[in-house]
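Open your viewer and load the model. We will go from one residue to the whole chain and then back inside.

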Amino acid sequence: MPDRFCPLNLTPEELIEYTPDWQGERFADGRPRVPDAILERMKGVTITQAWGVTGGAGYGHQYEGGWQQTHPGQTLVGRALTAMYMPRRPAVRAVMDARGADHGCIGDQISWPIDMLVPGDVYVADMFGKVDQGPIIGDNLATAIFANSGNGVVFDGSVRDLEGIEEMPDFPCFVRGWHPSYASPTIMLTGVNTIIRIGQATVMPGDVVLGKREGVVFIPPHLAEYLVQTSELVRLRDMFGQQRLREGKYTPGQVDDRWTDAMEADFSEWLEDHMDELPVPREAIQDLLKQRTW
């Protein structure tokens, strides 16, 4: 698949330019490659925490709610590969088809982004909320998406073949609905790996996608590790505080107030004593302890 076959794609150089805060590894297409270990830890982050950290860093348009979920209760985490669709304009679509053919793209336009997916990606597509004649994903393309990415999708449109999709384990889809119709004759692909809008959120290629019951947050890559660390610290402090409350060592007022130096020291000792029992990687706890002064 070529780096550039639609006029609205970002080149690798442009993606680097538009994501200057990311200093880590990148894919050949220019997308930031947040490490797999961070993605795994991201599954424990809550939507509220993700919203708070992204908003606090100045990214106030990264959350979108109001989804239908094909696999309620499942968490979706991965790196965004974006696609933009628009209502079909015959002459423009013909140009897109010709460009795709010249670059070796196979089949209908709706399959081109799927061919670009790699493990850990989340296919994030802007279909402008279209439900009737909105599906471009049925159980066959869903199978192809999962085979390439091992992940589900965020699709601002609808899906078809719902029963078949529901039978696919570990394929959570966040969509606007489902419909038995088919979208391809009515739409055209105008960009892959480009900046898109999903509802009220702005999504960049390589954003970390976090989807849960409350909705989806698109996390700028340079904030992903900080968000994970912040979430884990909150979770550990809550576990410690609740245990000490059950033991009667501290009062609710003490736990809910600013902790004293003695309480902070107690927390550090508790982390060391329970390191292998906690729902946070041992290495992450060790890093946390190195940063603490109690």
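**First stop: valine 280**

Select valine 280: beyond its neighbours within four places in sequence, valine 280 is in contact with Glu232, Arg235, Leu236 and Ile285, contact being heavy atoms within 4.5 Å. Valine 280 sits in the loop between helix H10 (261-273) and helix H11 (282-291); helices here are DSSP runs of H or I with at least four residues, strands are runs of E with at least two, and both are numbered from the N terminus. Is valine 280 buried or exposed? Valine 280 counts as buried because its relative accessibility is 5%, where buried means under 20% relative accessible area, exposed over 50% and partly exposed in between (1.4 Å probe, protein chains only).

A word on the model: it is predicted, local features need pLDDT of at least 70, side-chain atom pairs count only at pLDDT 80 or more, and totals for chains, interfaces and linings use all residues. Residues are numbered from 1 along each chain as its sequence is written, and side-chain values use heavy atoms, with hydrogens and water left out.

**Zoom out: the chain**

Show the whole protein chain as a cartoon and you will find 11 helices and 11 strands. Its C-alpha atoms fill a box of roughly 70 × 40 × 30 Å along the principal axes. Of the 294 residues, 51% count as buried. Among contacts with a separation of 6 or more, 73% are between residues 24 or more positions apart.

**Into the cores**

Next, select Tyr85, Tyr123, Ile136 and Ile137, which touch the most other members of the largest nonpolar core, a set of 28 residues. Such a core joins buried Ala, Val, Leu, Ile, Met, Phe, Trp, Tyr and Cys residues through side-chain atoms within 4.5 Å. Elements giving two or more residues to this core include strand S3 (76-87), helix H6 (139-149) and strand S5 (153-159). Apart from it lies another core of 18 residues, among them Ile38, Val208, Val217 and Val228.

**Last stop: aspartate 156**

Finish in strand S5, where you will find aspartate 156. With 7% relative accessibility, aspartate 156 counts as buried. Show side chains: that of aspartate 156 makes a polar contact with the side chain of arginine 176 (2.7 Å). A polar contact is a pair of N or O atoms within 3.5 Å; within protein, one must be able to donate a hydrogen and the other to accept it, and residues adjacent in sequence count only if both atoms are side-chain atoms. Residues touching aspartate 156 also include Trp67, Phe128 and Ile198.
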